[in-house]
Amino acid sequence: MAAAEGSGPGGAAKPLFAGLSDVSISEDIPVEGEITVPVGSHSPDEDYSTLDEPVRDTIMRDLKAVGKKFVHVMYPKKSSALLRDWDLWGPLVLCVSLALMLQGGSADSKEDGGPQFAEVFVIIWFGAVVITLNSKLLGGTISFFQSLCVLGYCVLPLTVAMLVCRLVLLAGSGTVSFIVRLIVVMAMFAWSTIASTAFLADSQPPNRKALVVYPIFLFYFVISWMILTFIPQ
């Protein structure tokens, strides 16, 4: 072979590896492996990046993810969907919607109702942050934003209650109207509390679950009270 030979000073060829020509490989010894670079047949999805996908596909994927979280809240059960793929888009939409529906209610200020919107917005987010910090200080195993995600998405039943109360108030604000609104708000308050504790209670030590559930109860109670006492101007 050319690779096994070289030329000396006199131009005569001499073997580079003398003695190796007598070594033979038995045919009984299997030879394993390949000398070529393996080319895997992987699917195009493995090399697909979200940076290359159309904007429409990105928006639709995010909307489907938010919709699935809404379904988990409306049918509360132990699931890691809200914790694994957390986001704050749903809580932001719910907070803004609830603040807009509460805007224009009876208040000391008779102006446009802008301060009321800010008050509702701050109460919801500040309350969620306080509950999250309390959960972390008590030894909770979920992250800060996971807790905010769960508390924000569980405002959905109360947002539905606010919408129903606005429709009921269109028919009048008498005793019957108040009783209907009271039943709706109490039912949605219980729904929000149960849904949130179904996701957050298991992340706490067994002997401290009550210390976590109590602030959640107060958080949704304050929002429920704001909805129940709402009277449009």
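Rings of Phe, Tyr and Trp (for Trp, the six-membered ring) form an aromatic pair if their centres lie within 6.5 Å; planes under 30 degrees apart count as stacked, over 60 as edge-to-face and the rest as tilted. By this rule F189, F217 and F221 form one aromatic cluster.

The model shown is predicted, with local features needing pLDDT of at least 70 and side-chain atom pairs counting only at pLDDT 80 or more, while totals for chains, interfaces and linings use all residues. Residues are numbered from 1 along each chain as its sequence is written, and side-chain values use heavy atoms, with hydrogens and water left out.

**View 1. The chain has eight helices and two strands.** Helices (H or I, at least four residues) and strands (E, at least two) are DSSP runs, numbered from the N terminus. Along the sequence their pattern is β-β-α-α-α-α-α-α-α-α. Of the 233 residues, 32% are buried, meaning under 20% relative accessible area, with exposed set at over 50% and partly exposed in between (1.4 Å probe, protein chains only).

**View 2. F189 and F217 form an aromatic pair.** The pair is edge-to-face, at 5.2 Å centre to centre and 70° between the planes. F189 lies in helix α7 (residues 175-200) and F217 in helix α8 (residues 209-228), so the pair ties together parts that are 28 residues apart in sequence. F189 is buried, at 14% relative accessible area, whereas F217 is partly exposed, at 37%.

**View 3. F189 also pairs with F221.** This pair is edge-to-face, with 6.2 Å centre to centre and 75° between the planes. It links distant parts of the chain, F189 in helix α7 and F221 in helix α8, 32 residues apart. F221 is partly exposed, with a relative accessible area of 41%. The structure holds six aromatic pairs.

**View 4. The largest cavity has a volume of about 60 Å³.** A cavity is a set of points, on a 1 Å grid over the protein atoms alone, where a 1.4 Å probe fits but cannot get out; lining residues have an atom within 4 Å of a point. Grid points are joined across faces, edges and corners, and the volume is the space filled by probe spheres set on the points. Lining residues include P91, C95, W125, L148 and F219. Helices α3 (89-102), α4 (114-137) and α5 (144-153) each supply at least two residues of the lining. By class, the lining has nine nonpolar, one polar and no charged residues. Ala, Val, Leu, Ile, Met, Phe, Trp, Tyr, Cys and Pro count as nonpolar, Asp, Glu, Lys and Arg as charged, and the others, Gly among them, as polar.

Definitions and conventions
1 Å grid on protein atoms, 1.4 Å probe; cavity = no way out; pocket = protein on both sides within 12 Å on 5 of 7 lines; lining within 4 Å.
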